[in-house]
Amino acid sequence: MEVFAEFLAGIDDPFHRERTEEVLTWIIDKYPNLKTEIKWNQPMFTDHGTYIIGFSVSKKHLAAAPESVTITHVEDDIVKAGYEYTKEIIRIPWKSPVDYTLLEKMIDFNMKDKANCTTFWRK
């Protein structure tokens, strides 16, 4: 969590900071082999040098960015969770609960699908 300390300290709203820390801590605990990094001023997780998932914070939501292939793969689950999404991000409203099953599904998919990936992003 030390890697994310400065990022978290920069989140002004205490609830948003706490929620973001909760999500990041959950991933660290569930996936201890993933590397924690800050790139482009955003917290992210990588596996053997390839991107798995990243997050950003806005006024209305915590955005999860697992790559578009993954969003397509879990699209039905995103809809069931009631989250808005685009081709690249999933918006988790601050007022909504975090669907950890969905996060797990996205992370597991990326780790398996990118097991032999030698680049940061999918080609």
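Trainee: Where does E67 lie?

Mentor: E67 lies in the loop between β4 and α3. Those labels come from DSSP runs: helices are H or I runs of at least four residues, strands are E runs of at least two, and numbering starts at the N terminus. Keep in mind that this is a predicted model, in which local features need pLDDT of at least 70, side-chain atom pairs count only at pLDDT 80 or more, and totals for chains, interfaces and linings use all residues. Residues are numbered from 1 along each chain as its sequence is written, and side-chain values use heavy atoms, with hydrogens and water left out.

Trainee: Is E67 buried or exposed?

Mentor: Buried means under 20% relative accessible area, exposed means over 50%, and partly exposed lies in between (1.4 Å probe, protein chains only). E67 has 9%, so E67 is buried.

Trainee: What is the phi of E67?

Mentor: Positive, at about 90°, although E67 is not a glycine. H48 is not a glycine either, and its phi is also positive, at about 45°. H48 sits in the loop between β2 (42-47) and β3 (50-57). With a relative accessible area of 45%, H48 is partly exposed.

Trainee: Which side chain does E67 meet in a salt bridge?

Mentor: Side chains of opposite charge can pair when their charged atoms come close. Here the rule is a side-chain nitrogen of Lys or Arg within 4 Å of a carboxyl oxygen of Asp or Glu. E67 pairs with K114 at 2.8 Å, N to O. K114 is in the segment after α5 and E67 is in the loop between β4 (61-65) and α3 (68-73), so this pair ties together parts 47 residues apart in sequence. K114 counts as buried, at 1% relative accessibility.

Trainee: Which residues join E67 and K114 in one network?

Mentor: R122 and D113 form a salt bridge at 2.9 Å, N to O. D113 is partly exposed, at 43% relative accessibility. Salt bridges that share partners join E67, D113, K114 and R122 into one network.

Trainee: How many salt bridges does the count come to?

Mentor: Seven salt bridges. One of them links E104 and K30, at 3.0 Å, N to O. E104 lies in helix α5 (residues 100-113) and K30 in helix α2 (residues 14-30), so the pair ties together parts 74 residues apart in sequence. E104 counts as partly exposed at 24% relative accessibility. K30 counts as partly exposed at 39%.

Trainee: At what angle do α2 and α5 pack?

Mentor: Two packed helices are described by the angle between their axes and the distance between the axes. Axes are lines fitted to C-alpha atoms, for helices over the stretch in contact, and angles run from 0 to 180 degrees between N-to-C directions. The angle of α2 and α5 is about 50°, and their axes are 12 Å apart.

Trainee: Which residues in α2 and α5 meet?

Mentor: Contact means heavy atoms within 4.5 Å. E22, V23, W26, I27 and K30 in α2 meet Y100, L103, E104 and I107 in α5.

Trainee: Which residues does V98 touch?

Mentor: R19, V23, Y83, I92 and L103, leaving out residues up to four places away in sequence. V98 sits in the loop between β6 (90-93) and α5. V98 counts as buried, at 13% relative accessibility. V98 and R19 are 79 residues apart in sequence, yet 8.8 Å apart in space, C-alpha to C-alpha.
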